[in-house]
Amino acid sequence: MFDWEAAWHAALYGPGGFFARGEKPSSHFRTSALVGTELAEALLVLLSRVDAALGFPPVVDFVDVGAGGGELASAVRSLASGSLGERLRVTAVDVGPPVELAGVRWVREIPPCTGLLVGHEWLDAIPCPVVTGPSSDPWITRWWPSLRDGEQAEVGAPRDAAWAAAVASVRGAALAVDYGHLVSSRHFSLTGYRAGRQVPVVFDGSCDITAHVALDACAAAAGGEHVLVSQRDALAALGLSGSVSGSGWDWLESASRAGRIAELRDPSGLGGFGWLLHGCGVAVADLLPPLPPWRPNPAGDPLP
């Protein structure tokens, strides 16, 4: 029987694997961190709220899990100022070769975190078993009850375990940002990306291999107080409105910024991503106001 999980893992993280050899997401697909610095700005607002809820510890962490080229970690480090900036420790976690970035330390394993841990499009790159229905797998029974005979499904248990372990390492807050589905909308989504194009899945290390994340299952596995909301709503709650003002160059700059924010909040694109936020010793209500629950993009396809 073909071992999908092992083949997927070898293709990404084994010797010569796609990410293990140093391929960076920026070369193959567009993420929120590549749009501009606006995502980092919003996460710094969230981090400042975590910092206050923790009582302003001597060292406050920002941990970027699955950091890729380090764009998000670098932007957070460069934009942080004042007392938060003085106390901030930024850590990028990735299996590939580190990138030299001022003020960012690189590690291969998730460290303890007092502050904010962010898994930005990390969970979708964690390999999973694949089964064909009917299946008696316990995870499928609970989280994919709609699986029909002959249909395939990704078993999200490894993602659940990875997220639960990450959340357990945090005092403050843990945030997963990803595309995904809920138990009411499961669909097989395993696909590949190379050079900005969606490509057939091959397990030879030549492409990224990814699949939608069962964020509801991840939330249950990690437990504790949490919310699952859309990126569109979360960014607005963190102050990204994208209004245009001024004249001349100021107008052009504000219009450019508004365009980037609109891309980040587009409900049919990046704005449709789920934000799964866990409070780890702090109240989620101190971090985000009440927001509508996340509903996955009906199109259901990841974005290059």
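1. Let's start inside the fold. Beyond its neighbours within four places in sequence, L175 is in contact (heavy atoms within 4.5 Å) with L43, L46, L116, L117, V118, G119, W163, W275, L276 and L277. A second, separate core of 24 residues includes A174, L215, C218 and C280. A nonpolar core here is a set of buried Ala, Val, Leu, Ile, Met, Phe, Trp, Tyr and Cys residues joined through side-chain atoms within 4.5 Å. Buried stands for under 20% relative accessible area, exposed for over 50%, and partly exposed for what lies in between, with a 1.4 Å probe and protein chains only.

2. A word on the model before going further. It is a predicted one, in which local features need pLDDT of at least 70 and side-chain atom pairs count only at pLDDT 80 or more, while totals for chains, interfaces and linings use all residues. Residues are numbered from 1 along each chain as its sequence is written, and side-chain values use heavy atoms, with hydrogens and water left out.

3. Now the largest nonpolar core, which has 47 residues. The members that touch the most others are L43, F62, L72, L175 and W275. Helix α3 (residues 38–53) gives this core its largest share, eight residues. Helices (H or I, at least four residues) and strands (E, at least two) are DSSP runs, numbered from the N terminus.

4. Leaving aside neighbours within four places in sequence, L72 is in contact with A33, L39, A40, L43, F62, D64, V118 and H120. For a sense of distance, the C-alpha atoms of L72 and S230 are separated by 19 Å, with the two residues 158 apart along the chain.

5. On to the seven-stranded sheet. This open sheet has the order β3-β2-β1-β4-β7-β14-β13 and mixed pairing, where two strands pair if DSSP finds at least two bridges between them. At its edges are β3 (104–107) and β13 (226–230), each pairing on one side only. Neighbouring strands are turned by 20° against each other on average, direction ignored; axes are lines fitted to C-alpha atoms, for helices over the stretch in contact, and angles run from 0 to 180 degrees between N-to-C directions.

6. Strand β7 (residues 170–178) has eight of its nine residues buried. It runs parallel to β4 (residues 113–120), joined by eight bridges, and C113 stands opposite V170 in β7. With β14 (residues 274–280), β7 pairs in the antiparallel sense over seven bridges; the partner of A173 in β14 is G279.

7. What joins β13 to β14? Five bridges do, and the two strands run antiparallel. In β14, W275 is the bridge partner of V229. Helix α8 (residues 215–222) packs on the sheet, touching β7, β13 and β14, and its direction makes about 5° with that of β14.

8. Finally, there is an open sheet of three strands, with the order β10-β9-β11 and antiparallel pairing. Because β10 (197–199) and β11 (208–210) stand at the edges with a single partner strand each, one side of each is left without a neighbour in the sheet. Its neighbouring strands are turned by 35° against each other on average, direction ignored. Strand β9 (residues 191–194) pairs with β11 in the antiparallel sense over three bridges, and Y193 has D208 as its bridge partner in β11.
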